[in-house]
Structures are given as structure tokens and as C-alpha cells.
Amino acid sequence: MVPREVESFREYVRSVAESIRPHAMTVDKEDRFARESVEKVFEAGLGGVIIPREYGGLGLSTLHYVVFIEELTKACPSTAVTFAVTSGLVANFLINFASEGLKKEYLPKLSTGENIGAFGLTEPCCGSDAGALRTRAEEVEGGFRITGQKQFITNASVADFVIVMAKTDPERGKKGITAFLVPTGSEGFHILKDEDKLGWRGSVTSAISLDGVFVPYERVIGKRGEGFKYALASLDAGRIGIAAMGVGTIARAFELARDYVLKKGLEKDQRYSFRVADLLSMLEVAREYTYRAAKVKDSGVRYTRYAAVAKLVSSEFAMKSVNILLDIMGPDGVVWGEAERLWRDTKILEIGEGTSEIQRLVIAREVL
Ligand code: CAA
């Protein structure tokens, strides 16, 4: 059961989400960043759902955050992922690991939308094996110079800063990785390209080059050599956000399928009604478990396993759901439109922030 005040919060988010719904198809068609939708969400005061009040946020729970991402996804998955990264993954990273100075400087800006953040872990050399990254940070007078490339970085070309994981001590392998807050305006920071993607066409995913970017000591996040652990811990939080996107996707697939079956008068035909029943069943299970993972996170214990199960189940159910939706709609589902767009927007949920195989690896390691 969800507390009443979380349901009230959902109603508010839903009203904001309805105002961005009309743009979702436009940004998909035009293949451009959903800037007006993102601005509306910030203007509605929803940029800092989990950011503590002392840093300008709403200071709400992870359950509120899940409901926030779920409702945005139902309207516009591209807008939802933009916030899942800047207000989820990146905000969690700073809240948990940054110095007081960095928190005071950046968290209020993430809350208002003055800044958008990105998370720079993945590299061309090594996607899932993230600890093998090759970007180097060489210590120089006053700080570090970072050189390397990052790939598939959500938000990068619209971001004001990227949290970059780089090797300060390569001989120590994963234990030699340090996290840096790198403003995108820094000299030597270049966006190489924005990807032309299957889905989430209203969000940006970029390749980055760092060519000797100077980062002063004050912008090192946490302790030298701890960056990989910070990244994995932050991905635990991020994966709850992707699970929430899965829940929103299943919920929308259910609504579209139910409306289609009723409109076509197919509700007495079990070939259709049983599949709608499957959609509702997957929605209930994914939602319950994702909410549980959010509550475990807020209880303060390690929640790695819960986040991985939620992400795995929710994203795989989401993919099944959009397949069912298109099966029900037949040709009506494959022409350009919301069902077709939702299908394209969903596959990435099984890939981003750790593939399904990585979730299985994480879960297996926790229990074997
Ligand atoms: N929280 C905190 N610490 C953790 C942790 C967690 N969840 N998981 C592991 N650690 C610690 C370990 O205890 C270990 O510490 P010690 O060295 O002190 O023992 C250290 O971190 C390294 O852990 P492992 O040795 O287990 O690491 P590994 O290299 O074997 O593999 C992995 C870990 C799970 C495979 C990891 O590489 C992984 O999650 N890969 C997927 C990466 C990923 O999700 N990428 C997506 C990037 S973001 C994105 O998609 C796009 C975007 O823009 C959002």
C-alpha cells in the first residue's frame, strides 16, 4: 500500500505529466531534446524530489521519486530518463559522496533546473566491464588533467557538468578510479556526437572527448581511488529509477491496450482479454517490487540486490508489455503513433544502467 500523501503527490505529478504529453510525439518526430517538457517539470518544482531541503530540494522519499519517474514515463519516457539521470543518478551521487562545498554549489542548481547533470562512466573500450575504463586523470599543480573518451552518456550535450570516472592510479585497477565533477564548459571538453537512437529520441545520448581537461582539487568527489565504488553505489539508486520507468511503461501499455480492446468491442474475446489481464498482472508485480526496493533503500540498509531485481523484472516485463500491446493492436500498433513510439522507447530499459545480464550477475553474486 502507498501512503495517502504519496498518492496526492502522484496526482500533482500526473497533472504536470499531462501538460508534457502533447510534446512527446513532437520531439520523437523531430528527434530533438524535449527542452520545453524538461523546463515545465522544473518550473513545477519537481527537479529536486530526493534532494534535501537544505539544498533547495523537496527532501522527499525514494518512493516519491519512483512515483515521479513512473508518471513522467507514462507521458514522455524521454523526459523521464532526463530526470532519472539528473535528479536520480547524479543527485544521489552528489548527496552521498560529494564535499559540503560541492553539494552547496550544485544541488540547489539541480533542484531548480539551472543545471542539468550527467554521469560519465561508460567508455568505448568497456561498457559492462566498467572497471576497465581507460580515461586517465594525471595529477598536476592544483588538481588533475583528464584525458579520455566516454560513450552513451545520457544528457551530456545538454548538461552543465558530468561526473567523470577516471583512473588516477591505473596500476591499482578498479581501486585506482576517482570521481570528478567536470563542468561541460571546461577547456578541452568536447561533445563528439549525439547518437541517432531507436527510442528516447527526445533525450540526448552523447559521446564525449576529454582532452587534458583541468579539474581543480575542489572538484574531486570524495576520496581518491573510491570512484568506482561510488559509481556502483549510485547505479544501485539509478537502477530503481529505470525500474520505475519500466513500471510507467507497463502502466501505459496496459491503458492503451485496454482502451483499444474496449474501442474495438473485443473485451469478450479471450484472445484479447487474457492479454490485457497479463498486462495488469505484470504491472502489479513490477510496481509492488519497485516500491519495495525504494523502501529498502530508504531504510538505510544495502539494497543492491533489491534494485537489481526491480530493474531486471520491471524492464523485462516492460518489453513483454509493449510486445503484447502491439500484438493486440496489430497494424494499428506499428504505424507511427504512441504505441509504436512506446515500443521503441522500451528496449533500452533492458540495456541502460546495466544490462539484464549485469543485473543477473549482481543478483547471483549477492546470493551465491
Ligand atoms: N555499492 C557499493 N560498492 C560496491 C557495489 C555497490 N553496489 N558493488 C560492488 N561494490 C564494491 C565491491 O565491494 C568492490 O570493493 P572492494 O574492491 O573494496 O572489494 C568494488 O566495488 C568493485 O566491485 P567488483 O569487484 O564486484 O566489480 P566488478 O568489476 O567485478 O563488476 C559490475 C561490477 C557489477 C560488473 C559493474 O562493472 C557493473 O555494474 N557494470 C555495469 C555498468 C553499468 O551499469 N553501466 C551503465 C552506466 S550508466 C548508463 O547506462 C547511461 C547513463 O547515462 C545513465
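Domain bounds here come from an automatic or database domain assignment. On that basis the chain is divided into domain 1 (4-116), domain 2 (118-225) and domain 3 (228-367), with residues numbered from 1 along each chain as its sequence is written. The model is predicted, so local features need pLDDT of at least 70 and side-chain atom pairs count only at pLDDT 80 or more, while totals for chains, interfaces and linings use all residues.

The C-alpha centres of domain 1 and domain 3 lie 20 Å apart. Their contact takes 21 residues from domain 1 and 24 residues from domain 3, where two residues are in contact if their C-beta atoms, placed from the backbone, lie within 7 Å. On the side of domain 1 that touches domain 3, helix H1 (4-30), helix H3 (62-75) and H4 each supply at least two residues; helices are DSSP runs (H or I, at least four residues), numbered from the N terminus. The largest share of that side, 10 residues, comes from H4.

Helix H4 (residues 77-97) packs with helix H6 (residues 227-263) at an angle of about 155°, their axes being 9 Å apart. Axes are lines fitted to C-alpha atoms over the stretch in contact, and angles run from 0 to 180 degrees between N-to-C directions. H4 and H6 are therefore roughly antiparallel to each other, a term for angles over 145 degrees. Residues making the contact include Ala84, Gly88 and Phe93 of H4 and Ala237, Gly241 and Met245 of H6.

Definitions and conventions:
Angles under 35 degrees count as roughly parallel, over 145 as roughly antiparallel, 65 to 115 as roughly perpendicular and the rest as oblique.
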